[in-house]
Amino acid sequence: MATILEAVAPTSRSVGALLEAPQIRRLLIGGEWVDASSGRTFPSIDPATGRKLADIAEADATDVDRAVAAARRAFGTWSQVLPAERAAILWRIADILDQHIDELSELEVIDQGKPLAVARWAEVPGAIAQFRYFAGQATAIEGRTITPSIGYQPPGKEVHAWTLREPVGVVAAIVPWNSPLVLTAMKLAPALAAGCTVVLKPAEDTCLSAIRLAELMMEAGLPAGVLNIVTGGGATGAALAAHHGVDKVAFTGSTATGRAILDASKGNLKRVTLELGGKSPVLILPDADLELAIPGAANAIYFNGGQVCVAGSRAYVHSSIYDRVVEGLAEEAAKLTLGHGLNPGTRMGPLVSAKQAKRVEGFVQSARSAGAAVIVGGERCGDAETFVTPAVIASVAPDMPIVREEVFGPVLVVQRYDDLDAVVEAANDSIYGLAASVWTQSLSDAHRLSRRLQSGTVWINCHSMFDASLPIGGVKQSGYGRDSGIPALDSYLEWKTVCAVL
């Protein structure tokens, strides 16, 4: 049984207060924190300990109606705010988040389970960077002047044409539980920069950082109703996705839920962007620098307990280095220390819930029963049964569920290859196409493979490298549309053509 490091005391007073006694967290509608109309709540749980942190208001369709109406009222004003003023507010949001970075990081730890280092040095700074980047983009929204080939009579008149960029309107942002704060920022920052208003639905398991984010955003000067929050489960999200007062849904989550959102969007043909599941391949070529590739491939799957949409969960390793790489990956997995995220010695925390941990363990057990070799890990442990030891699985068949389905846990399957064309075919043999990485010292192979791999992102000699300027999204059943970068801003803007005879 793995040793699980216990929590240490948080440094933030507000987080300490949550651990001392559960609190009530309400809905944000029109600038006011209000109870759900039904009065119902659900618990927020520390996944490492099973301790209740707070009672969260459970919004129903009535609350969704109220939140969308508030966003609609605010849109008329917010969309007319000067771009420089929107930029200033977004920059102030970034500044105030920076001032509260320790508190926000500890909230992510106790609510989601991730190690403090992941929250403090990667994800919360990433969220702050989103607001700073899109603060700069708010003043860079431009239309175009077009010279059409249109004749006009009588003589002496001319046809002039140009385009305008205008905000889509009310946005429903629905985000997952694996990296709550940064994924929320990826929706909010470009939407607000474009002049849209937002109704946010955080994941049911991880509401606390989104609620605190909203408090800080209002403190930074965001007007009432521009951001609204409805917390709840699947029924809340379904009511929001289908609402005819919503002009666009921005969703990150599972492919199955993405399909449901597409169905729900048909009623008023709302715009939709979807960042969905992945089964990202990691190709380790025979000339790879193994001192870089082995820990890099391990980090690609074990970062945040494998609860990352782009996690490198399928490794394809050339036969000439296969045994050395498998041994190295197993060593990397075995030396990861499990524990509560607030303990500075922790390198991998729990999964988000006992349900998710049981699901991940089930994939490993199924693979073992089908003849796969579990080199290391794959065991559920901890008092709350939410920890899963990092696993390396070999001797798998291509049709095994553990090879084809998104496990969303710390489980890496390793497969041997000899022919480069064959491994590209195997890597692309998936319904998903979110990300991939290639490990090689050959510039030629790196360029060629980056074109041949069917994925929205290809990393070379790295994995999971993010920046607010870099578009993120997938192909095939990993969705469409992009978060981050200029394409993200574009997705919250409509084109309008103006044609005039003067």
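These legends describe close-up views of a predicted model.

**View 1. Helix α4, residues 101-112.** The helix holds 12 residues. At 1.5 Å a residue, α4 should span 16 Å. Its end C-alpha atoms are 16 Å apart, so the span agrees with expectation. Most of α4 is covered, with 11 of its 12 residues buried. Among the buried residues are Ile 101, Leu 104, Leu 107, Val 109 and Ile 110. Charged side chains are buried here too, including Glu 103, Glu 106, Glu 108 and Asp 111. Gly 113 follows the helix. The phi of Gly 113 is positive, near 110°.

**View 2. Helix α4 against helix α7.** Helix α7 covers residues 208-219. The axes of α4 and α7 come within 9 Å and cross at roughly 155°. Because angles over 145 degrees count as roughly antiparallel, α4 is roughly antiparallel to α7. From α4, the contact uses Glu 103, Leu 104, Leu 107, Glu 108 and Asp 111. From α7, Leu 208, Ser 209, Arg 212 and Leu 216 take part. By class, the contact has four nonpolar, one polar and four charged residues. In a helix, residues three or four places apart point the same way, because an α-helix has 3.6 residues a turn.

**View 3. An open sheet of three strands.** The strand order is β7-β8-β27, and the pairing is antiparallel. The edges are β7 (145-146) and β27 (493-501). Each edge strand has a single partner, so one side of each is left without a neighbour in the sheet. Strand β8 spans residues 159-167. Two bridges join β7 to β8. Thr 145 stands opposite Trp 162 of β8.

**View 4. An open sheet of seven strands.** The order is β17-β20-β21-β15-β14-β23-β24. Pairing in this sheet is mixed. Neighbouring strands are turned by 25° against each other on average, direction ignored.

**View 5. Strands β15 and β21, with helix α11 on the sheet.** Strand β15 runs over residues 312-318, and strand β21 over residues 411-417. The two pair in the parallel sense over five bridges. Arg 314 has Val 413 of β21 as its bridge partner. Helix α11 (residues 322-334) packs on the sheet. The helix touches β14 (280-284), β15, β17, β20 (391-394) and β21. The direction of α11 makes about 170° with that of β21.

Terms used: Residues numbered from 1 in each chain as written. Predicted model: local features only at pLDDT ≥ 70, side-chain atom pairs only at ≥ 80, totals over all residues. Heavy atoms only, no water. Helix = DSSP H or I, 4+ residues; strand = E, 2+ residues; numbered from the N terminus. Expected span 1.5 Å × (residues − 1). Buried < 20%, exposed > 50% of the residue type's maximum accessible area, 1.4 Å probe, protein only. Pairing = 2+ DSSP bridges. Axes fitted to C-alpha atoms, helices over the stretch in contact; angles between N-to-C directions. Parallel < 35°, antiparallel > 145°, perpendicular 65-115°, else oblique. Contact = heavy atoms within 4.5 Å.
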